[in-house]
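Please keep the structure in view while reading.

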Amino acid sequence: MSAFEGRPGDALSGRGLVTWNLRRVRVAQRVSQERLAADAGVDRAYLGGLERLTRNPTVDLLDRVAGALSVPLGELFVAPRLGEAPPSPLRGGRRKG
């Protein structure tokens, strides 16, 4: 089961909230995992693991990621609205320009 699956109305776990919001904020800012990982000083594969719920981040790491995204740490724990669609990933591949 992915971080975004579950029955309607189910509350996400703490890690699920982080996963949801990390992708939501990152995609809204059009920041790739690679760019965010570099800015936060973390391995890109580890950051991908956070978004797949296979890694358990420390508060220090979340603080670095939030800082790299220029959002308060609490933004990574915002509960989605009931029925809100999961955040989509960015399109793969390198951008021109």
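## How two helices meet

At what angle do α2 and α4 pack, and how far apart are their axes? In this predicted model, the angle between α2 and α4 is about 115 degrees, and their axes lie 8 Å apart. Angles of 65 to 115 degrees count as roughly perpendicular. That makes α2 roughly perpendicular to α4.

The crossing in which α2 passes α4 is right-handed. Which residues form this meeting place? On the α2 side they are Leu36, Asp39 and Ala40, and they meet Arg64, Val65, Ala68 and Leu69 of α4.

## The buried face of α2

Four residues of α2 are named here as buried: Gln33, Leu36, Ala37 and Ala40. Viewed down the axis of α2, these buried residues fall within an arc of 100 degrees, so they line one face of the helix.

What covers this buried set? The cover includes α1, α3 and α4. After α2 comes glycine 41, which has a positive phi, near 70 degrees.

## The largest nonpolar core

The largest nonpolar core contains 17 residues, and those that touch the most other members are Leu22, Leu36, Leu47, Val65 and Leu69. Two or more residues of this core come from each of α1 (14-28), α2 (33-40), α3 (44-51) and α4 (59-69). The largest share, five residues, is given by α4.

When residues up to four places away in sequence are not counted, Valine 65 touches Leu22, Leu36, Ala40 and Leu47.

## The chain as a whole

How many helices and strands does the chain have? It has four helices and zero strands, and along the sequence the pattern reads α-α-α-α.

The chain has 97 residues, of which 34% are buried. What share of its contacts joins residues at least 24 apart in sequence? Among contacts between residues at least 6 apart in sequence, that share is 64%.

Conventions
Residues numbered from 1 in each chain as written. Predicted model: local features only at pLDDT ≥ 70, side-chain atom pairs only at ≥ 80, totals over all residues. Heavy atoms only, no water. Core = buried A, V, L, I, M, F, W, Y, C linked by side-chain atoms within 4.5 Å. Buried < 20%, exposed > 50% of the residue type's maximum accessible area, 1.4 Å probe, protein only. Contact = heavy atoms within 4.5 Å. Arc of directions from axis to C-beta. Axes fitted to C-alpha atoms, helices over the stretch in contact; angles between N-to-C directions. Parallel < 35°, antiparallel > 145°, perpendicular 65-115°, else oblique. Left-handed = near helix turned anticlockwise from the far one by under 90°.
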